[in-house]
Amino acid sequence: MQITFLGTSSGVPTRSRNVSGVALRLPQRAEFWLFDCGEGTQHQILRSDLKISQLTRIFITHTHGDHIFGLMGLLASVGLAGNPHRIDIYGPSGLSDYLQACQRYSHTHFSYPIKVHKNQPGVIYEDEEYTVSCGRLEHRVTAFGYRVTEKDRPGQFNVEKAKELGIPAGPLYGQLKRGETVTLPDGRQFNGAEFCGLPQVGRKIAYCTDTVYCEGAVELARDADVLIHEATFAHQDAQMACDRLHSTSTMAAQVALRAGVKQLLMTHFSPRYAPGNDIVLDDLLQEARAIFPNTDMAYDFLTWEVPRRQTPELAATSP
């Protein structure tokens, strides 16, 4: 699982930061999911090492322009590129109407299927490897945060051990990998757990923007490996953040601390903290680290590899 930031500015783009867009790459499936799609996101994808043909799902937090103005252009370009795959889009009420109006007035026809899903708090997508859930945040319009949970995987199967014991390759290996008990024609029985290493614990990622500090963000981020959280304002501008229902750097850090996350990545920064001003982005980083030390500041095209978790057994014996 790799996170690539395509836009880290709030409200408007700057020379160095585009507006909101985050890609979650799933290399083993040769696909990526997109979270928010501000204006210019497709250009950012072209400048990255992502392949637009591998886009399969888009998750929109809310319908403010800096999070959706790039959506229609991206979808149109995917169609012109001849992408035959269906794209599923998840977001708040009104997103489907927005896309239909854009299609109608721009006379755009998609050459591939699109399915828009209206969010309701809880699980919104699940397959054999991942679960995606959403929850309400606190913003000026209806806004959702997202949580991606990778399911636990069984440990590596010891093929050599199976061969040494004379277990024939084929369907029996599959049963053993799944932890099942198999019986050979000679009557011998084997428990699959004896042939598999420790299970690989699934990773968790939370994405919370736009929002002021709220319990919804804490719950979405609970025990996450990585929390991506907006930090539009410095602590000094907390009143402005509360008035506009955005977060400060310290609010993001407090969410990370309360939720017990492993890593906080801050994004969605106000252009007011540009170099040369009284407060700069490094000040926001230091404010957050004073509360939650394992904090980093995202920038456009930052790629963050989400490390695999230790199994409980390994964690307990680590020095």
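I began with strand S8, residues 130-136. It pairs with S9 in the antiparallel sense, and I count seven bridges between the two. I note here that the model is predicted.

**Sheet with S8 and S9**

I traced the whole sheet next. It is open and has seven strands, in the order S7-S8-S9-S12-S13-S14-S15, with mixed pairing. I looked up its edges: they are strand S7 (122-126) and strand S15 (295-297), and each pairs on one side only. From one strand to the next, the twist averages 20 degrees.

I then asked which strands helix H10 lies across. Helix H10, residues 281-291, lies across strand S14 (263-267) and S15. Its angle to S15 is about 165 degrees.

**Sheet with S1 and S16**

I moved to another open sheet of seven strands. Its order is S6-S5-S4-S3-S2-S1-S16, and its pairing is mixed. Strand S6 (114-118) and strand S16 (303-305) have a single partner strand each, so one side of each lacks a neighbour in the sheet.

Strand S1, residues 2-7, pairs with S16 in the antiparallel sense over three bridges. Gln 2 stands opposite Glu 305 in S16.

I looked for helices on this sheet. Helix H3 (residues 71-80) packs on it and touches strand S3 (31-35), strand S4 (55-59), strand S5 (87-91) and S6. The direction of H3 makes about 165 degrees with that of S4. Helix H4, residues 95-106, lies across S5 and S6. H4 runs at about 125 degrees to S5.

**Cavity**

How many cavities of 30 Å³ or more are there? I find one. The largest cavity has a volume of about 70 Å³. I listed its lining: Ile 3, Val 22, Leu 24, Phe 35, Tyr 146, Arg 147, Val 148, Ile 205, Ala 206, Tyr 207 and Ile 228. Strand S2 (21-26), strand S9 (144-150) and strand S12 (204-208) are the elements that give two or more residues to this lining. By class, I count 10 nonpolar residues, no polar ones and one charged.

**Pockets**

I turned to the open spaces. The largest pocket holds about 210 Å³. It is lined by 14 residues, and those nearest its centre are Ser 10, Gly 11, Asp 66, Arg 140 and His 246. I sorted the lining into two nonpolar, seven polar and five charged residues.

The second largest pocket holds about 180 Å³. I count 13 lining residues, with Arg 17, Tyr 273, Ala 274, Pro 275 and Leu 281 closest to the centre. This lining divides into seven nonpolar, four polar and two charged residues.

**Backbone checks**

I looked for a cis peptide bond. One joins Thr 209 and Asp 210, with omega about -5 degrees. Asp 210 sits in the loop between S12 and helix H7 (215-221).

I then looked at positive phi outside glycine. His 107 has a phi of about 55 degrees. His 107 is in the loop between H4 and S6. Is His 107 buried or exposed? Its relative accessible area is 75%. The cut-off for exposed is over 50%, so His 107 counts as exposed.

Asp 223 also has a positive phi, near 60 degrees. I place Asp 223 in the loop between H7 and strand S13 (226-230). Its relative accessibility is 32%, so I class Asp 223 as partly exposed.

**Whole chain**

The secondary structure of the protein comes to 11 helices and 16 strands. Its C-alpha atoms fill a box of roughly 75 × 55 × 35 Å along the principal axes. Of the 319 residues, 50% are buried. I also looked up contacts between residues at least 6 apart in sequence: 63% of them join residues at least 24 apart.

Notes
Residues numbered from 1 in each chain as written. Predicted model: local features only at pLDDT ≥ 70, side-chain atom pairs only at ≥ 80, totals over all residues. Heavy atoms only, no water. Pairing = 2+ DSSP bridges. Helix = DSSP H or I, 4+ residues; strand = E, 2+ residues; numbered from the N terminus. Contact = heavy atoms within 4.5 Å. Axes fitted to C-alpha atoms, helices over the stretch in contact; angles between N-to-C directions. 1 Å grid on protein atoms, 1.4 Å probe; cavity = no way out; pocket = protein on both sides within 12 Å on 5 of 7 lines; lining within 4 Å. Points joined across faces, edges and corners; volume = space filled by probe spheres on them. Nonpolar A, V, L, I, M, F, W, Y, C, P; charged D, E, K, R; others polar. Buried < 20%, exposed > 50% of the residue type's maximum accessible area, 1.4 Å probe, protein only.
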